[in-house]
Every structure is written in structure tokens, then in C-alpha cells.
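Welcome, and please open the model in your viewer with the sequence panel beside it. We will go from one selection to the next, looking around at each stop.

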Protein chains: 4
Amino acid sequence: MIAVLKPGTTDAQIENLSSWIKLQGLDVHLSRGSLHTVIGLVGDTSKIDADLLESLEIVESVKRISEPFKSANRKFHPDDSVISVGNTSVGGNIFAVMAGPCSVESEAQVMEIAHAVKAAGATMLRGGAFKPRTSPYDFQGLKADGIEILIEAKKETGLPIVTEIMNANHLPLFEEVDVIQVGARNMQNFELLKELGRTQKPILLKRGLANTLKELLMSAEYIMAGGNENVILCERGIRTFETYTRNTLDLSAVPLLHELSHLPVIIDPSHATGVARLVKPMALAAVACGANGLMIEVHNDPAHALCDGAQSLTPETFADVMASVRQVRSALGGN
Amino acid sequence: MIAVLKPGTTDAQIENLSSWIKLQGLDVHLSRGSLHTVIGLVGDTSKIDADLLESLEIVESVKRISEPFKSANRKFHPDDSVISVGNTSVGGNIFAVMAGPCSVESEAQVMEIAHAVKAAGATMLRGGAFKPRTSPYDFQGLKADGIEILIEAKKETGLPIVTEIMNANHLPLFEEVDVIQVGARNMQNFELLKELGRTQKPILLKRGLANTLKELLMSAEYIMAGGNENVILCERGIRTFETYTRNTLDLSAVPLLHELSHLPVIIDPSHATGVARLVKPMALAAVACGANGLMIEVHNDPAHALCDGAQSLTPETFADVMASVRQVRSALGGN
Amino acid sequence: MIAVLKPGTTDAQIENLSSWIKLQGLDVHLSRGSLHTVIGLVGDTSKIDADLLESLEIVESVKRISEPFKSANRKFHPDDSVISVGNTSVGGNIFAVMAGPCSVESEAQVMEIAHAVKAAGATMLRGGAFKPRTSPYDFQGLKADGIEILIEAKKETGLPIVTEIMNANHLPLFEEVDVIQVGARNMQNFELLKELGRTQKPILLKRGLANTLKELLMSAEYIMAGGNENVILCERGIRTFETYTRNTLDLSAVPLLHELSHLPVIIDPSHATGVARLVKPMALAAVACGANGLMIEVHNDPAHALCDGAQSLTPETFADVMASVRQVRSALGGN
Amino acid sequence: MIAVLKPGTTDAQIENLSSWIKLQGLDVHLSRGSLHTVIGLVGDTSKIDADLLESLEIVESVKRISEPFKSANRKFHPDDSVISVGNTSVGGNIFAVMAGPCSVESEAQVMEIAHAVKAAGATMLRGGAFKPRTSPYDFQGLKADGIEILIEAKKETGLPIVTEIMNANHLPLFEEVDVIQVGARNMQNFELLKELGRTQKPILLKRGLANTLKELLMSAEYIMAGGNENVILCERGIRTFETYTRNTLDLSAVPLLHELSHLPVIIDPSHATGVARLVKPMALAAVACGANGLMIEVHNDPAHALCDGAQSLTPETFADVMASVRQVRSALGGN
């Protein structure tokens with residue numbers, strides 16, 4: 001960590017600050033320029049509060065040299081993490097495809113879609129039982145009944161299931177859920193993250209609408225610091241000024257997260273764009289830049305989906321996407 | 001609500017859609033242009049899911065005419081809401097000033113600051129007991145002990161207290177808290193909002209970093225739909241590309257929220273800018289554009305604050321800010 | 001075009017507005033709701049100023065039904081445009097690859113790179129002679145001499161050349177340039193666009209850092225309205241809150257621009273990311289989602305490039321990118 | 001300037017880099033940490049290309065300690081600049097108010113508005129003769145005739161005039177113009193900035209929609225480096241995700257620009273919000289946070305303005321704004 005001091009800082013002030021830094025168990029390196037003096041803090045600075053340092057009257061700015069995340073950091077875990085999920089996994093050579101309806105609506109609906117996506121090559125079934133909606137007047141999901149339906153579909157098809165949690169008090173309902181999803185709006189619901197860190201469930205952590213990649217990794221760190229290393233990262237679009245798509249899919253997140261972290265990275269083109277006809281091109285782009293998998297909304301009757309119908313594929317178009325996904329994977333040496 | 005149909009939509013398709021709309025209890029108005037036909041949905045469209053409508057194959061786009069928030073909407077409640085808080089209130093002629101430390105650190109600290117901010121004109125004491133921090137390794141607050149200290153300070157100074165909640169399970173600890181704050185990261189933690197809607201506590205609802213004013217009002221609506229109409233809105237900066245400040249304070253939110261809603265609007269210049277020396281100019285600007293109050297961080301020893309020291313004022317500079325606030329208020333006819 | 005009127009608008013006011021609309025040669029369709037009346041303007045509304053309409057005291061909001069761009073609009077030109085450039089073209093079945101140094105530095109440098117990128121499969125040579133730099137103290141390019149060097153390289157290799165214009169007064173220098181580039185900072189330099197509309201040169205129009213896709217198409221419209229239909233669109237990253245990359249590459253622009261317009265779309269992964277090691281994954285993603293080509297910076301000695309060295313590939317890594325590009329193209333049925 | 005080296009950099013590589021830095025006339029300070037080595041570049045680093053340094057294989061990141069702008073920097077010019085404009089000035093104790101129509105439409109219009117805004121307290125007359133419009137089909141201004149009309153109004157009222165330039169070739173038309181405005185879309189039209197740097201005209205430089213404060217100051221530096229120190233900065237809203245206002249007015253720019261630079265800072269609430277009824281609250285907020293002046297659109301018949309009517313005040317509402325502006329100025333000790 002480096003602190004740039006303001007012009008005019010006295011030697012006595014520098015001495016004081018240096019003493020305080022040494023008290024924190026760190027070494028101090030001084031570099032005096034014509035206008036500014038720079039103090040280097042050498043050692044384990046992960047416990048140093050950069051905001052506090054920057055607030056000191058003599059400090060102009062502070063720069064961290066090391067990333068503040070440890071468990072998620074590739075520097076300390078050079079190999080890719082592979083997260084086991086039921087009879088399959090996420091990361092490594094497996095290309096994970098989580099497909100299914102935005103909302104669980106009925107057993108018939110989920111069964112039909114589950115069989116269809118399995119036939120097309122999905123490795124997991126997704127479906128929303130608890131639904132975060134902007135308006136309190138919109139459909140909020142079937143809740144516990146929705147999870148029961150997903151479990152039935154898992155029994156019938158063998159597909160592991162992924163569904164979103166909105167409240168740590170609901171955790172007992174998620175015992176047979178294979179992957180627990182944390183939605184974008186809860187990415188910094190730290191109380192929820194801490195509770196999930198106390199389980200050993202695979203967690204699909206979605207990037208918040210306005211969160212940086214470093215913040216995403218710090219939220220992964222919340223889960224991992226609690227002892228649960230089974231975190232799957234998911235990019236699902238960020239909020240920008242462009243209004244033509246619901247969000248802007250940031251695909252450079254894929255190679256960047258792979259560089260910064262050993263955790264697998266999944267792309268959700270359905271929520272990122274909010275437009276069904278953009279799902280295929282964005283899914284193929286995600287494959288081409290190295291994503292470890294996809295999360296795709298599929299509905300047997302998109303026009304009547306209770307939510308997010310605009311972004312759902314039919315089983316037929318999903319099968320077409322999967323065929324092209326396999327072609328691109330194979331061209332790039334995947335399987 | 002208006003739906004623009006795609007070129008080439010057939011009469012039969014239009015007839016089908018019209019029938020469905022009428023089944024929802026709405027009237028239909030058709031307008032045929034050279035390229036596009038437009039369908040107007042007339043009646044109470046608050047239960048219609050715009051996303052669903054937009055997902056239909058024949059629909060090009062959908063536009064809501066009425067805002068989807070009802071309880072927070074000024075159209076149905078033309079008078080300003082005034083929220084009673086202990087011996088004072090927020091909204092109307094009272095200019096609310098919530099001041100105090102970012103984090104509660106000790107009883108001595110809080111007492112000293114509470115007396116100082118009261119003397120300078122604060123109407124409430126703020127302080128963080130549960131702290132949302134980006135990193136799991138940063139100080140997370142004194143929690144229940146912190147709330148105890150705030151209650152002590154309230155007894156001694158008479159100032160009502162404001163503090164943040166991060167988990168609905170902690171609600172029993174907040175019984176003597178006067179205003180419960182929902183932080184920016186939890187603005188769309190709908191489970192928390194619903195629980196707060198079941199209380200009658202005044203709620204200070206902070207705008208999320210990437211949330212629109214309409215989303216802020218929809219989150220207020222979550223609380224109000226549960227029966228708790230005591231919502232105070234708070235703008236605390238949004239995330240933009242500018243890196244010089246921590247966030248970009250969106251002061252146009254003040255007159256806009258006053259136009260859209262009857263709820264009081266508070267500005268937090270400390271978090272918005274992240275820089276203590278910007279608090280005064282931004283506080284005065286907030287007063288000048290009609291804010292109902294301010295939330296300001298004050299620390300007796302900013303250089304050693306456990307968090308957010310960079311944005312805290314000393315009691316002396318806070319008193320100076322308050323003097324100028326009174327001058328601007330008085331120039332504009334406030335008191 | 002639709003205008004939503006405010007609650008309380010009188011019949012006389014509606015009559016007045018309707019008369020004015022009819023005077024503009026348009027038909028009027030009225031739709032009265034419980035709270036709002038909606039006026040539809042039917043006919044060619046491209047000359048109606050939506051801002052003016054929205055400024056009327058009785059109007060709450062205005063929505064355009066038809067896009068305001070005509071020449072660039074796919075609705076009126078369903079077939080893809082193919083732009084001829086020297087012995088090659090952009091659009092259709094040709095996959096265009098414009099490669100070369102950020103800045104032209106010397107004849108030796110450009111010759112070496114030109115041969116190398118041609119051997120690796122580039123279809124055009126790019127190089128900066130006039131350089132837009134944020135700082136007046138940074139290297140501003142070799143200017144006319146730089147263009148001379150590019151023309152020499154074109155003669156020797158047969159590769160058409162692409163280079164940026166910053167001032168319409170420089171047009172005489174661009175006579176032997178095959179594609180004139182308009183940089184992101186000049187996307188709304190309307191005076192420059194108008195001048196380029198008077199030529200018949202192919203124009204590579206880069207999207208501005210904070211410009212929507214509709215604004216990009218309106219800028220293309222400026223060139224096309226002058227009579228020059230040879231416009232190539234280029235996405236090169238937009239400005240967001242994320243700081244890890246220089247910009248955020250918006251790949252959903254590719255299928256969206258193809259849907260809205262018949263013009264070819266090129267991706268510049270070098271400027272979008274600002275990081276050489278992200279160029280390959282983003283180039284492959286661009287191919288996978290249907291881009292008509294790529295613009296890539298290649299330097300024979302990236303460590304000593306006079307500008308933007310951080311984002312340049314070596315000829316060897318460029319050849320590796322091209323090999324993978326061909327694999328993905330071939331997997332998806334391209335050639 | 002500081003360069004953080006990657007883990008694993010060898011002593012020989014560090015020695016090589018150090019030699020190169022010394023060749024540039026700078027001193028080198030080395031600081032070795034457990035993981036990273038940090039190199040400090042000491043001396044005048046304004047000519048060092050940070051991008052080039054960051055592109056080196058052994059460099060992880062680079063941080064500038066000194067701002068790259070010199071002429072605009074308050075560190076080297078501690079006193080506020082006061083720019084003389086005809087019989088008045090901008091900066092210092094004068095509060096500048098530039099008011100007038102968005103577009104010059106006719107002599108009668110401009111004369112009527114000029115007299116009205118002068119009576120209400122404006123210090124300058126603004127009006128658009130060359131108009132940057134997103135669409136080539138929208139009204140582009142009266143051009144030279146518009147400037148003639150402004151000059152007539154100046155003769156009659158004595159008010160100095162402000163109008164926008166879009167093309168350096170038009171400079172001869174601006175001889176009797178007192179302040180030349182560079183619009184937001186041209187903030188990084190460096191060719192135009194260089195030409196304006198060769199004049200001695202006061203330049204009103206508007207911040208681009210997606211430009212940081214540092215980029216605004218670098219654009220000021222382009223003008224100042226040419227010898228013209230008469231630059232007035234103008235904040236007019238930045239582009240964010242919020243759609244309720246046309247742009248988001250960033251008022252923290254006022255105290256920040258005052259801290260970074262000695263140049264005067266003007267606020268344009270009309271363009272920032274795009275909504276006439278927000279002009280007053282935002283104008284008062286600008287005064288309260290220390291702006292040196294305002295630019296406000298005033299129209300005698302806003303409903304029929306040829307452009308931007310949505311954001312124009314009537315002369316009556318402008319007079320009301322001015323009265324409140326004076327009250328806030330006076331409360332804060334201005335005059």
C-alpha cells in the first residue's frame with residue numbers, strides 16, 4: 001500500500017505517521033519527490049483501512065498494491081476451482097448450462113421444460129421460487145411450493161436444481177437445492193452472504209447492477225471467509241446509460257475474473273439483455289471468450305410467462321442455441 | 001399503458017390481444033398509423049405486467065402512462081407528509097439534521113459527539129451499530145452494544161436516534177430506535193422492506209448506488225404497501241464514471257422526488273462525496289434546492305475514526321456548516 | 001409519435017394542439033383514459049421536434065414510435081450493405097480485419113507490421129497519423145508524413161489503408177486513404193460529419209464513449225444525408241463505472257445494430273479494453289456474436305510504442321488471434 | 001509517478017527500467033515489498049506517457065502523483081482567475097449570469113429577450129446561432145445571420161454576447177462575439193481547442209457528457225497551452241443511468257474544480273436537467289455551493305421555441321429566479 005503525502009508535510013508529521021505504521025506491524029519505505037513524499041507500507045496490509053489512511057490531513061491519496069481479497073485470489077490458488085454439483089460440476093472441462101423458466105408456475109410447466117432442456121443438453125435446471133420484483137404488486141413467486149416442484153423435477157430428470165434465496169431464514173427450504181443463487185440486488189446483502197458462508201452449498205453469486213469486479217470478488221470473499229469455498233461467479237449485465245437493452249452485458253468480465261480469481265464464471269445472457277432474440281448471439285460470445293457456463297431462461301409458452309417473458313427462449317430455440325454453443329466450444333478445443 | 005405493435009401485425013392478432021386486455025378489466029383504444037398500430041389500455045393498469053406485454057411477438061414496445069407507485073404518489077396525496085420522530089419530525093417546516101459518527105465506537109465518543117451536535121443545532125443523533133462493509137475483514141460495528149450506547153445518548157441528550165438495520169431478525173434490538181435506516185445496498189432487499197412495512201417505525205430509505213428515482217419510490221411502496229407510511233427518502237450519491245468523488249450527488253433528485261411524491265427528502269453529503277471538505281458546499285446546495293434535511297457524519301477525532309473518516313467533520317466544522325445552513329434557509333424564507 | 005397529456009387538460013387545449021398537429025400534415029388519434037388523454041400523431045413525424053412537443057405545458061411525455069433515422073434504417077433497406085474498399089470490402093461474406101500500429105512512427109515500423117499483418121490474414125492496414133490525445137503535451141502523430149508512410153505501405157503490400165481524420169481541412173491529405181476513420185470523440189462533431197457526407201469515401205464511424213446506439217445511427221445519418229452511404233459502424237467500448245478495463249465493450253451492440261440498420265459493424269477490442277491480453281477473448285466473442293470485422297492494434301515492439309502500447313499485440317500474438325478467429329468463423333458457417 | 005512491478009520481476013529487469021527512467025532526466029526510488037517492488041519516478045514526469053509505462057511486461061500498474069495539467073492547476077496559480085468580458089467579468093466577486101434563448105430565431109425575439117434578461121439582472125446575453133443537433137433533419141440554427149442579430153442586441157443593450165462555435169473555419173464570424181462557447185460534444189475536439197488557443201477570446205468550455213473533471217481540465221489545458229488563458233469552465237450535466245432528467249447535474253464539480261484549478265466555474269441548469277421547472281432549484285443550489293455564475297435559457301414564448309423549449313424559462317420566471325439567486329448570494333456574503 002502506498003500513501004502520497006500532500007506538499008508541505010513536515011518531517012515531524014512524516015515521522016509520526018511512520019511510527020503509527022510500524023505499530024501496525026508493517027515496514028515503511030520513504031520516497032521524497034520535488035513536490036510530494038510517498039510512503040510505502042510493506043507487509044500484510046489487508047487489515048489496514050485505506051479510507052482511514054486517506055482521511056488523514058497530510059495524506060493526498062492512497063493506492064493498494066495487493067488486492068484485498070485472499071480466498072478468491074488466483075495468486076494464492078493458481079489452479080481453476082471445480083465446484084461439484086450433484087452428478088455434474090461447474091468449472092474445469094465441464095461447460096455448465098443452467099436452463100429453465102424465470103418463475104416456477106406449475107408442476108406441469110416445470111416438468112415439460114425440464115425434460116426439454118435436458119434433451120437439448122442443459123446440465124442443470126433453474127427456476128425461480130422466490131422472485132425479487134421491483135414492484136410489491138407484481139407476482140412474488142410460488143415460494144416453498146415452487147421449491148417443492150423443482151425437487152420433483154430433479155427426481156424425475158436427474159438434473160441438479162438452481163434457485164434463488166432472498167432471506168437467510170428460508171435456508172431450511174433449500175436443503176435439497178443443489179445450487180443456491182444470490183441475485184444481483186442481494187450481492188451486497190452481507191448478512192445473507194455470511195449465512196451462506198456457514199453452509200457448504202454451492203452458491204451462484206450474481207454481480208450487482210452497479211458493482212465492480214473487485215466488489216463481486218469481495219462478496220465472494222464474504223462467503224469464503226465463512227468456510228464455504230463453493231462459489232460460482234455470474235455476470236448478468238451492468239447498468240449503463242444505454243437504454244436499448246435492459247442492461248449492458250460486460251463480457252470482458254470473463255477473462256478478467258479468470259485472471260483475478262480461480263472461481264468459475266457463468267454468463268446469464270437472458271437477464272443481461274432482457275430480449276430473447278439477443279440470447280443466442282450473446283451466449284455464443286460468452287462461450288468464445290471462455291465462460292465456464294451459461295444460465296438461460298427457457299419457457300414452454302413465453303408469451304404467457306408470469307415474469308420476464310421478454311427474455312425467455314422456447315425449448316426449440318434453446319436447442320438451436322445449444323447446437324451452436326457446441327460448435328463454438330468444439331472449434332476452440334472444448335468438448 | 002400503451003403498446004406499440006410491430007409492422008405487419010394482422011387484424012386477427014390485434015383482435016386476440018384486445019380480447020385478452022378486456023379480460024383483465026380494461027378498455028382498449030386502437031390507433032392505426034401508416035406503419036404501426038398503437039393499442040391503449042385504459043383503466044387501472046397497475047396490475048398489468050409490462051414485461052409480459054412487451055414479450056408478445058406482435059408487440060414492439062410498451063409505455064406506462066401512470067406511475068406504478070400509488071401510496072408514495074403525490075397525485076393521490078397532494079399534501080407533504082410530515083413524519084413524527086420522538087419530539088421532532090421530518091418534513092413540513094422542520095428542517096431535520098441527523099448528525100453523528102459513522103460508527104459507534106464507545107460511550108465516551110458518542111456522548112461527546114451527541115452533546116456537540118445538539119449544541120450546534122442537530123435534531124437527531126445518527127450512528128452506525130451494524131456496518132455494511134465491502135470487505136469481510138473490515139470492522140463490522142459494535143452491533144447490539146452500539147445500539148445500547150445510542151440509547152444511552154438519547155436518554156442523556158433527548159435527541160432521537162437513527163441507525164441502520166441489515167437483517168430483519170435484528171428488529172427486536174431496534175425497539176427504542178426512533179428512525180431505522182435502510183442502507184443503499186439494501187434498497188432492493190425486498191424481504192427486509194416487507195418486514196419494515198409491518199412496523200410503524202419511521203424508515204429512512206437510502207437510494208441505491210445504481211437505482212433510479214422510480215425504483216426508490218417502488219421500494220418505498222414496498223414498505224407502505226405493508227401498512228407503514230412513515231418513509232423518509234434519502235439521496236446519498238449515485239455511481240457514475242467520475243472517480244474524483246466516491247459517488248455523484250444527484251441533487252436534482254430533491255425537486256423531482258418532491259414532484260413525484262409527498263414523502264420528505266433528506267440529503268447525505270458525507271457519503272455522497274466521501275470527502276469532508278465537500279460536505280459544506282453540498283449541504284448548502286441541498287438546502288437551497290429544497291431538501292427537508294441533512295444527514296452528516298461528525299466525529300470528535302476524524303483521523304482515528306474506524307471507518308469513513310475521510311468524510312467526517314469535526315464538531316467545530318459541523319457548527320460552521322449549521323450556521324451557514326441557517327443563513328440559506330432564512331434567505332429562502334425557511335426558519 | 002405519441003403525446004401523453006397531463007391530467008386536467010381541457011377539451012379546448014386538446015382541440016388547439018390537434019389543429020396544430022394537423023397543420024404539420026399529420027393525422028390525430030385521440031385516446032381518453034381515466035386520468036390521461038393520449039394523442040397519436042399519424043404520418044411522417046420525422047420532422048416533428050419531440051423536445052418542442054414535450055415542452056408544451058399540457059404535455060406530460062412524448063414517445064417516438066418510428067426511429068428518426070431513415071437512410072441507416074433496416075426497415076427501409078432490408079439487405080445488408082456491403083461497402084467496397086479497394087480490392088476488398090466490408091459487410092456481407094467478407095470478414096474485415098483492420099490491423100496495424102496505434103501510431104505511425106516510421107516507414108520501417110509500418111512496413112514491417114504491414115507485411116506481418118497481411119501474412120496473418122488482415123484485409124486492411126490501420127495506423128494513426130493524426131492522434132487525438134487527452135493531453136496537449138502527449139505525442140500528436142506524424143500527421144501528413146504519417147499518411148505518406150501509410151500510402152507507401154499500401155503500394156508495397158496492396159492492403160487498403162484506414163486512418164483517422166480530426167479536421168475537415170485535412171481532407172485533401174486523405175485522397176489515397178481508403179477508409180477515413182471518425183474517432184469516438186468526434187462522433188458528434190457534426191461539422192466534420194457533414195463534410196464527410198460530401199465525399200464518397202468509406203467512413204469508419206466509431207461510437208462515442210457515452211453515446212447510445214440511436215445516437216450512433218443518427219451520426220451515420222448525418223453522413224448519409226449528405227449523399228455518402230458508405231458508412232461502417234464501429235463499437236469500441238463505452239464509459240461505465242467499472243475501472244478495471246479502460247472502457248466496457250458493449251457486444252450486444254452487434255446484433256442490435258444489425259437489427260436496426262443495414263450498415264456493417266466492426267469491433268475494436270484493443271481500445272475497448274485497453275489491455276493486450278484481453279484482445280483475443282474479446283475478438284473471438286465479437287466473431288461469435290456476428291460482427292462483420294475487427295480493428296486490432298499490432299505493434300512490432302509494443303513496449304516502445306509511442307501511444308497505447310498497453311493494448312497492442314505483437315505480430316505473433318496477432319497471428320494466433322487470427323487463427324482462432326478463423327476457427328470460430330468456420331464453426332459458425334462463415335469462411 | 002509510481003510504477004508497481006509484477007511479482008517475479010528480476011533485478012536485471014528492474015535495473016534496465018531504472019536506467020531508462022534516468023535517461024528521461026528523472027530520479028528513481030526503489031521500494032521492495034514482500035510481493036511487489038515499487039518504483040518511484042521523481043522529477044518532472046509530465047512528459048512521461050503513463051500508458052507506455054503500464055504496457056511494459058514487468059509493470060502491473062502506474063499511478064500519477066502530480067496532475068498532468070499545469071496552466072490550469074491551482075497549485076501553480078493560487079489566486080482565482082478573473083476573466084474580463086466587455087464591461088463585466090467572470091470570476092472573483094462578479095456573479096456572471098448568461099441568459100437568453102437556446103436558438104436565435106429573429107431580431108425581434110432576441111431584442112425582447114435581451115431587454116428582459118438585462119432588466120432582471122443578467123450580465124451577458126447568450127443565444128445559439130450554430131446549433132449542434134443529434135439529427136441532421138432538425139433545425140441547425142441561423143448561423144451567420146444569428147450572430148449578426150446577437151451583435152445588434154449587444155449594441156442596443158450593452159450586454160456582452162456568448163455563442164457557440166462548431167467549426168474553427170467560422171472564427172472570422174466571431175470577431176465581435178465576447179465569449180466563444182465550446183459545446184459538450186466538442187470538449188475533446190482538440191483541433192478546435194488548439195485554434196481557440198491561438199486567439200485571446202474568453203472561451204466558455206463545457207464539460208462533455210461522459211468526461212471526468214480531469215479531462216475537462218486537460219481540454220482547458222489545450223487552449224491555455226496555445227497562449228489563451230481566458231478559459232471559463234462550465235458543468236452542464238453528465239450522462240448516467242437515471243432517465244428522469246436529461247442529464248445528471250454534478251454540482252460537486254463546483255468545489256472540486258475550485259480546488260484543482262484557478263479558473264471560474266459556471267453552471268448551466270437548463271441543459272443539465274432539460275426541464276424548465278428544475279432550473280430554479282438547481283440554480284439556487286449552484287449559487288449555494290460556490291459557482292461563479294449561471295447560464296440559463298430564457299425564451300419569450302417557450303412553447304414555440306425551435307429547440308429545447310422544454311428547458312426554457314419565461315422572462316417572468318427568470319426574474320423570479322434572479323431574485324432568489326440574489327437572496328442566497330447575499331445570505332452567504334456575496335453581493
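## Stop 1: chain A as a whole

Select chain A and colour it by domain: the assignment gives domain 1 (2–63) and domain 2 (74–331), with bounds that come from an automatic or database domain assignment. The C-alpha centres of domain 1 and domain 2 of chain A lie 43 Å apart.

Before going further, a word on what you are viewing. This is a predicted model, in which local features need pLDDT of at least 70 and side-chain atom pairs count only at pLDDT 80 or more, while totals for chains, interfaces and linings use all residues. Residues are numbered from 1 along each chain as its sequence is written, and chains are lettered from A and ligands numbered from 1 in the order in which they are written.

Zoom out, and the C-alpha atoms of chain A fill a box of roughly 75 × 45 × 40 Å along the principal axes. Chain A has ten helices and 14 strands; these are DSSP runs, numbered from the N terminus, with helices being H or I of at least four residues and strands E of at least two. Of the 335 residues in chain A, 60% are buried (20 or more other C-beta atoms within 10 Å of a residue's own; exposed means 12 or fewer, partly exposed lies in between, and C-beta atoms are placed from the backbone).

## Stop 2: the barrel

Now show strands S7 to S14 of chain A as a cartoon. The eight strands form a closed barrel in the order S7-S8-S9-S10-S11-S12-S13-S14, with parallel pairing; two strands pair if DSSP finds at least two bridges between them. Neighbouring strands of this sheet are turned by 30° against each other on average, direction ignored.

Pick S11 (203–206) and S12 (231–235) of chain A, which pair in the parallel sense over four bridges. Within this pair, A:Leu205 stands opposite A:Leu233.

## Stop 3: Leu205 in chain C

Jump to C:Leu205, which sits in strand S11 (203–206) of chain C. Is C:Leu205 buried or exposed? C:Leu205 is buried, with 26 other C-beta atoms within 10 Å. Beyond neighbours within four places in sequence, its contacts (C-beta atoms, placed from the backbone, within 7 Å) include C:Val182, C:Met187, C:Ser219 and C:Leu233.

## Stop 4: where chains A and C meet

Display chains A and C together: 34 residues of chain A are in contact with 34 residues of chain C. On the chain A side, helices H7 (253–260), H9 (279–288) and H10 (315–331) each give two or more residues. The largest share, six residues, comes from H9(A).

Notes. Axes are lines fitted to C-alpha atoms, for helices over the stretch in contact, and angles run from 0 to 180 degrees between N-to-C directions. Two residues are in contact if their C-beta atoms, placed from the backbone, lie within 7 Å.
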